[in-house]
Structures are given as structure tokens and as C-alpha cells.
Amino acid sequence: MRCGGVTVILLLALLCIQDTTAKSRSEILGICLRQYPARKCGAPEWYRMSGNRCIKLFWKTREPYIDARRICRKEGGDLVSMHNVEEYSQVLCLVARSFKNLLRVWVGGQRGTNYHFKWSDGTPWKFTRWAPRQPDFFFLHEFCVEMNYGDWGRWNDNYCMDRKAFVCARKG
Ligand SMILES: [Ca+2]
């Protein structure tokens, strides 16, 4: 019985997908290495994401949200959407691997006409990782969602005209 119990616990530990939320960069990189290693995805600088998608971090130019999205669409995709811990962690790993210091990036979240959040690629909005006290819709001015606000992986609604690095996703 005791052995059986231990086996079950070990199996659960192996099956458990570790959440990368609210961890230091070195902890995140450890999880990334074990669970979300970088895998090439067709073209240079594109990396595999679950759900048959590829993601790429654009950081050489910093763009307002609308221009970031235009660039993603030109690449055949859209700003990245995230629907579970796995996808979220893959985006976080992509940025944490590339930048030592916290890099704030646009992701696909935006407020729609009813002020509710939605993903720019039209997929359902059902998963979030807001920073503490966010989204605050500061001065009723913040319609776009960034990641890595204050801490790795945390989301914030922000002013869409701010220029930031961004993450695109496309089928692949
Ligand atoms: Ca905010």
C-alpha cells in the first residue's frame, strides 16, 4: 500500500504542469528548460507553442499596439493569445530566455467596444494573469494588454500608444 501511494504521488508530480506565475527569472528559466524547451518552428526566431502555433518575440523596434498587431498580421498571424498555463508559460519562457531584465511586451489582449477584454485573434478570453491591482483602466485610457508589468509574467492594461516589444503567434 505504502509503495503504491508513493508511486501515485511521484506520478502526480511528474504529470503536474508547473505554473510559471510569480517566480524569479532563474526559477522561470529552470521550469522552461525542463518543461518548455525552445523548439524551432519553421523559420528563424519562431518557436513552437502548443495548439499548433509558433511564436516570435519582436524587440528590435518598439511599437504602439496597433502597429505591433499590423506587423504580426503581415507575418501571417496576430498578437499572441493565451488560453492556459501551458501557452502562457511558453510566451513567458520566450521572453525570459531572450532578456535578462524584465521586458514589457504587448500581447493580444484589448478592450472591446463594451470595455470587456478580448483577444485580437478572436479566440475566447478565459485565462488571465493580471498583476496585483490590475487591470485598473487608469484615467479610462488603458485599452491594451501588456505582459511583464512589475514582475515576470504579470499582465497590465496599458496605454495603447506606448511603444513596446511584442509577441506574435501564427499557425505552424
Ligand atoms: Ca493598468
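User: Which residue is the bridge partner of V105 in strand 9?

Analyst: Some ground rules before that one. This is a predicted model, where local features need pLDDT of at least 70, side-chain atom pairs count only at pLDDT 80 or more, and totals for chains, interfaces and linings use all residues. Residues are numbered from 1 along each chain as its sequence is written. Strands (E, at least two residues) and helices (H or I, at least four) are DSSP runs numbered from the N terminus, and two strands pair if DSSP finds at least two bridges between them. Here, the partner of V105 is A165. Strand 5 (residues 105-111) and strand 9 (residues 164-171) run parallel, joined by 2 bridges.

User: What else pairs with strand 5, and in which sense?

Analyst: Strand 7 (residues 142-147) runs antiparallel to strand 5, with 3 bridges between them.

User: Which strand does strand 7 join through 5 bridges?

Analyst: That's strand 8 (residues 155-159), running antiparallel to strand 7. E146 stands opposite N156 there.

User: What does Y159 touch, leaving aside neighbours within four places in sequence?

Analyst: Contact means C-beta atoms, placed from the backbone, within 7 Å. By that test Y159 is in contact with H141 and E142.

User: Which residues have the most contacts inside the largest nonpolar core?

Analyst: A nonpolar core is a set of buried Ala, Val, Leu, Ile, Met, Phe, Trp, Tyr and Cys residues joined through C-beta atoms within 7 Å. The largest one here has 38 residues, and I55, V91, V107 and V167 have the most contacts inside it. Elements giving two or more residues to this core include helix 2 (25-35), strand 3 (53-63), helix 4 (85-98), strand 5 and strand 9. Helix 4 supplies the largest share, 7 residues. Click on I55 to see the packing: beyond four places in sequence, its contacts include W46, V91, L94 and V167.

User: Which residues of helix 3 are buried, and why do they line one face?

Analyst: Look down the axis and take the arc of the directions from the helix axis to the C-beta atoms. In helix 3 (65-74), the buried residues are Y65, A68, R69 and C72. They fall within an arc of 95°, so they line one face of the helix. Strand 3, strand 4 (78-79), strand 5, strand 7 and strand 9 are among what covers them. Just after the helix, G76 takes a positive phi of about 90°.

Definitions and conventions
Contact = placed C-beta atoms within 7 Å. Buried ≥ 20, exposed ≤ 12 C-beta atoms within 10 Å, placed from the backbone.
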